[in-house]
Amino acid sequence: MSDATEPIPYGTEGRPASRLQTRLWFFTRLYPELPFFMVPILLRLHGNLDHDGVRAALRVLTDRHETLRTRLVPGEEGPVQVLDDAAPELAVTDLAGAADLEQAWSDLLTGEYARPLDVERGPLVRAHLARTGPAEHRLALFVHHISVDGTSLEVLLNEFAALYDAWASGRPLEHALGPVPESYDSFSRALDEELSGPEYEQSRAFWRAELGGQPEFDPPADRPRPSRRTFEVHDERTVIPAELAAAVREAARHRRSTPYVLLAGTLAVLLGRRNGPLRDVVIAAPWSLRGGPWLDGTVGFFINTVPMRVRMTPASSFTDVLAATRGAFLDAMDHGSLPFDEIVALVNPVRDARRLPITSVSFQVLPSAEPEFALGPVRAVRQADIDGASEFDLVWDVIDPGDGAMTLSAKYTADIYDRDTVRRMTEEYVRLLGAAVADPDRRVVELPLYGEAERARLRAPQGAVREIPGLEVDGCPAEGPFLLLDDVGRPVPVGALGAVYVPVPGPADPTGAHGDLLPGEPAGLPGGRLRPTGALARRRPDGTADLHAPARFPGTPGTPVAVLERHPSVRAAVLAPAPGAATGTPELIAYVATDDAGLTPAALREFLSDGVRPGDLPGWFVLLDELPVDDTGQPDLAELDGIACATGLGPPEGGDETGTELEETVRGVWQEHLGGRAPALDAAFFDVDGHSLIAVRIVARLQRLLGRPIPVRAVFDQPTVRSFAAWLVETGTDARAGEPTGAPSPRPAEDRPAAGTDRAPAPSAADLTADLLAASSEELAALRMLTACLEVPADHSQKERL
């Protein structure tokens, strides 16, 4: 790509819209009367403002950036572009004499929103300048979303400031900015090329497998959707205190993840807990396809909507959910170029014009914008937008300034949600976030959603019961009181779905003869029993409930041991924590006894994946002739720890020595994008201030240098220079699937020692270090294991792992 392109001539037409723009174009045709995609920039301006300077700066911007003057009109195969020679409209109003200035400004904005920008007729940019007092103004600039994304707005503001500064100082505007940036059309062509290659079919296969058969995610609301939505949106905001925000950032660093993953995982747990029996949650994530610095200065729409399916069960800890969220996030990034409408077409869900398919909830983490900047001698202060419209029912944004408190912005569709409901959800989210960070190994169904006062109110029978006609228990109508309970038999919060239970007479059943009866203690009925009705209902604030559908409790998936022991070559199996591991499934080892010399860990993992959720898969497999047992006949955990330590399951931290030629190439690219700091060969990407955007740029740079495709996921799975370079060597040029191998070749069964036989001398720490360096992508777990292993007086020969 060239560093710059000449401006597109006026009157050019016939080029197709980008694949990302096409979806927005169709949506504007469905709802032409709604200000759905009017993106506002609202400024308060303090100082002597020259109206002509504002007008001139806006004209230069539209001349410079073709997307600001590009309409989309119907073509034979979809929308096509028409480029206009049209200066943006600038209306000027004097509000200085208004009796109520804030109301007058609000009315002005409401009037602007009542005139949606028309993507087919244009213009796509409109501005309104209001004089509010001596040397005081307010500016409202509206741009159609089909022309811009969040990064584009920052580009426009920076260039607008530079242009007005040039005007105010008498300098020519044509010299105020740098070269014309790469055209948006270049990106559109590059995306088309990417989606015509083998990656296209791989992405289609991934999304078909990921979302096929998954029920659409639609959280419970206060009322049904109307036949025609208004899309009226309100914004409920709350603060995530600085202490908790710091704990979130530290927890993310400790787990070599990002605050995004932790915050998104918390939202998934909240939505899952409020949605009846815990099951997978699907959240939409806006994902930028800019892909590299060559497009940093380009104004255009680069955002794709990508669904993230977060898998969880009632047995999942928050650590498990974090792993699932991270995996969903990385998969979404690797396959995020496939436009959302094409994903929808693959999954083919039930269509409903009143809601988006697949999921009605979106999530993103946003940086905080600079509140003030200069327009020459004028001070500009950014103003918060008024409530607008949204295609999602619930837009969950966390604004993270990088330090100090975060702000949670929960935008909701007023058609179906009440403000009190969303306010309770934000409070539950903050409480859940604090509990999850404090105790990540606790099961998510046990993390608190409400405080003690609310718990006492929900457990009071008179406040949690009502009549529900139509329910039957054991063939008889249930006309008495009931309780709405979660997966562990505790009352659900207001607004959440719960399983309907009815009290039954008689004392609690200590024998367990009636397996379907729950003890009443968790629900606030000590000494009583509760029977399930097989229905779901949503708790209302007044203590009554709305009956939903019969409950569909998913069957508990098989445990890894139970599934492994169904394998014809497996005589016995046991699951045990890795030495030094933190509690959590990703740090479990499956020890397998087998006589099959051809059995490999890869085959076991594949077999296990058919009956166990991905989040429940062990991190490693160790194959043995016999499982060691203690004097009582139970698995000897100390002996198993010794076997694991001798096996070597991951790399320790390295130093900052000079690397191989490839390692130094990778390190140079990292240094280029990490502020000029050269990372140590074994320094983790997120520990040296890396983040997802930098990962995208690193991958784009390395792809150009090495001439081969590299998935963004590789940076996350191989987060050090050394491990990333090793992955490049192992995968060669066949890395299109985006799944690094990271495993040594299996050893034959005859090389495995039988339990209790003579063993080779224990390896030294140096030997362990050498073996571990070549073994695992689960580096954090391996480091803990190595530390523990060096303290274990084991004497075992080398084993394999996957």
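## A short tour: rings, an arginine and a helix

Start by selecting Y260, W287, F329 and F363, which together form one aromatic cluster. Rings of Phe, Tyr and Trp (its six-membered ring) count as a pair here if their centres lie within 6.5 Å. Searching the whole structure turns up 11 such aromatic pairs.

Before you click on: this is a predicted model, where local features need pLDDT of at least 70, side-chain atom pairs count only at pLDDT 80 or more, and totals for chains, interfaces and linings use all residues. Numbering runs from 1 along each chain as its sequence is written, and side-chain values use heavy atoms, with hydrogens and water left out.

Next, pick R126 in strand β6 (residues 125–133); strands are DSSP runs of E, at least two residues, and helices are runs of H or I, at least four, numbered from the N terminus. R126 is buried, at 4% relative accessible area (buried means under 20%, with a 1.4 Å probe and protein chains only). Show its side chain: there is a polar contact (N or O atoms within 3.5 Å, one able to donate a hydrogen and the other to accept it; residues adjacent in sequence count only if both atoms are side-chain atoms) with the side chain of E112 at 2.7 Å. The R126 side chain also reaches the backbone oxygen of R115, at 2.8 Å.

Last stop: helix α16, residues 661–673, which spans 19 Å from first C-alpha to last. Colour its buried residues, E663, V666, R667, V669, W670 and H673. They sit on the same side of α16, because they cover an arc of only 160° around the axis, taken from the directions from the helix axis to the C-beta atoms.

Terms used
The expected span of a helix is 1.5 Å times one less than its number of residues. Buried means under 20% relative accessible area, exposed over 50%, partly exposed in between (1.4 Å probe, protein chains only). Rings of Phe, Tyr and Trp (its six-membered ring) pair if their centres lie within 6.5 Å; planes under 30 degrees apart count as stacked, over 60 as edge-to-face and the rest as tilted.
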